[in-house]
Amino acid sequence: MLRLPAYRSRLVRRCGQSMLLQPPSRRYPILSLGSALFGIILNIGVLNLFAAMIEKSNTLSAAQGRAWVREARQRRMMLALLRGFSLAPLISPMGIGGAVVISSLPQVTWPQLAPYILGAAALIFMAGWAGDYFTGPPPPANKTYVTPSLRPLAQFSVLLIGIVALVFSIAWLLDLRLPIAALLGAPTGALLWLAWQRRRLGYGGLPAAITAVHRQLPWLLSPSANEIVVLGAAGYLGHVCVGLVDTQQLAPLLAVLDPLGTLNAVLAMLMVVGLAQIGVNPIVTVTLLVGLLPTLGIDGLTPELIGASLMVGWALALCQPQ
């Protein structure tokens, strides 16, 4: 729903132009950190917002009629956006990654995981920024960049802060967990945003906003029907697999894994990443491993290390281009 007002927003267009005209060394951190931080509350809604910015601003006229420049910008900006969003399962205490791990490891709390996962998030971000800097085309030697004003980005940040504040208010007033409050607050914020855009049509723009949602939302959501089913079923599949595995039959495997100790955390992380490349959703792999590994009783493999390694593997799987 946040994508609906974003496509029609003049502020979104100005923000996109400001991001697009930033020097390449600044464009990556702005997109990456922005998608990661705002993804804490808005989750996948931040992809819709930032992707709308890129699509609205990355035009042939902005690239001075050069199609290859437009394609290069689109590729680098989308990569920065996706890499930043992939950090959301790590840095968000209310995201799907943390929800899966903490619900399966009730003895583990978010503060116990934070030192591991926040450190890993910082390393992933710095590695992505360095990769973008060194692999991107070098700017011309005589090229001087006129850095645009960041005022539209500041205004857009105020808008997002308002949506975040709405989510927290709903959580406090209705005594809900933040993930549930986000499911209520983000669509409400989108409706209010649409109403603000149509405020000149009367009644605060609310009737026009409701009409726009009624007409355009089915068209926007219909292509995601299969993905919604797959993601929903993936969580159930992981829990079912845990119940079907007989740990007593894993004795030969345990004899191999037990001497490795804490290195099994690295193997679990790589397993999440590797299976994602052949189409196994991280929700399935993480749910299975987080329910299975603690039952094996491997020395040195603490619940905190298990949870952190699986969340890092989830983030790395999202980083990989499919």
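Colleague: Where do we begin?
Modeller: Buried means under 20% relative accessible area, exposed means over 50%, and partly exposed lies in between (1.4 Å probe, protein chains only). This is a predicted model, in which local features need pLDDT of at least 70 and side-chain atom pairs count only at pLDDT 80 or more, while totals for chains, interfaces and linings use all residues. Residues are numbered from 1 along each chain as its sequence is written, and side-chain values use heavy atoms, leaving out hydrogens and water.

Colleague: Is Tyr 203 buried or exposed?
Modeller: Tyr 203 sits in the loop between helix H10 (178-197) and helix H11 (206-221); helices are DSSP runs of H or I with at least four residues, strands are runs of E with at least two, and both are numbered from the N terminus. With a relative accessible area of 77%, Tyr 203 is exposed.

Colleague: What is the phi of Tyr 203 near?
Modeller: Most residues other than glycine have a negative phi. Tyr 203 is a residue other than glycine, yet its phi is positive, near 55°.

Colleague: How many helices does the protein chain have?
Modeller: Of the 322 residues of the protein chain, 43% count as buried. The secondary structure has zero strands, and the number of helices is 16.

Colleague: What share of the contacts in the protein chain with a separation of 6 or more comes from residues 24 or more positions apart?
Modeller: A contact here means heavy atoms within 4.5 Å. Counting the contacts with a separation of 6 or more, residues 24 or more positions apart account for 74%.

Colleague: How far apart are the C-alpha atoms of Gly 34 and Gly 84?
Modeller: Gly 34 belongs to helix H3, and it is buried because its relative accessible area is 9%. Gly 34 and Gly 84 are 50 residues apart along the chain, and their C-alpha atoms are separated by 7.4 Å.

Colleague: Which residue makes an aromatic pair with Tyr 28?
Modeller: The structure holds three aromatic pairs; rings of Phe, Tyr and Trp (its six-membered ring) pair if their centres lie within 6.5 Å, and planes under 30 degrees apart count as stacked, over 60 as edge-to-face and the rest as tilted. In the pair with Tyr 28, the centres are 6.3 Å apart with 35° between the planes, which is tilted, and the partner is Phe 125. That pair links distant parts of the chain, 97 residues apart: Tyr 28 in helix H3 (residues 24-42) and, in helix H8 (residues 110-135), Phe 125.

Colleague: Which residues form one aromatic cluster?
Modeller: Phe 125 also pairs with Trp 129, tilted at 5.7 Å centre to centre and 50° between the planes. Those two lie four residues apart in helix H8, about one turn of the helix. Phe 125 is buried at a relative accessible area of 10%, whereas Trp 129 is partly exposed at 28%. The one cluster is formed by Tyr 28, Phe 125 and Trp 129.

Colleague: At what angle do helix H15 and helix H16 pack?
Modeller: Axes are lines fitted to C-alpha atoms, for helices over the stretch in contact, and angles run from 0 to 180 degrees between N-to-C directions. H15 (residues 282-296) and H16 (residues 303-319) have their axes 10 Å apart and pack at an angle of about 165°. That makes H15 roughly antiparallel to H16, since angles under 35 degrees count as roughly parallel, over 145 as roughly antiparallel, 65 to 115 as roughly perpendicular and the rest as oblique. The contact includes Val 286 and Leu 289 of H15 and Leu 310 and Trp 314 of H16, at that angle of about 165°.

Colleague: At roughly what angle do the axes of helix H7 and H16 cross?
Modeller: The axes of H7 (residues 96-104) and H16 come within 10 Å and cross at roughly 150°. H7 is therefore roughly antiparallel to H16. Their contact includes Gly 97 and Val 100 of H7 and Gly 307 and Met 311 of H16, and the angle is roughly 150°.

Colleague: Within what distance do the axes of H8 and H16 come?
Modeller: These axes cross at roughly 30°, which makes H8 roughly parallel to H16. Residues in the contact include Tyr 116, Ile 117 and Ala 120 of H8 and Ala 308, Met 311 and Ala 315 of H16. The axes come within 9 Å.

Colleague: How far apart in space are Ser 92 and Ile 117, C-alpha to C-alpha?
Modeller: Ser 92 is in the loop between helix H6 (88-91) and H7, and it is buried at a relative accessible area of 1%. Ser 92 and Ile 117 are 25 residues apart in sequence, and C-alpha to C-alpha the distance in space is 9.8 Å.
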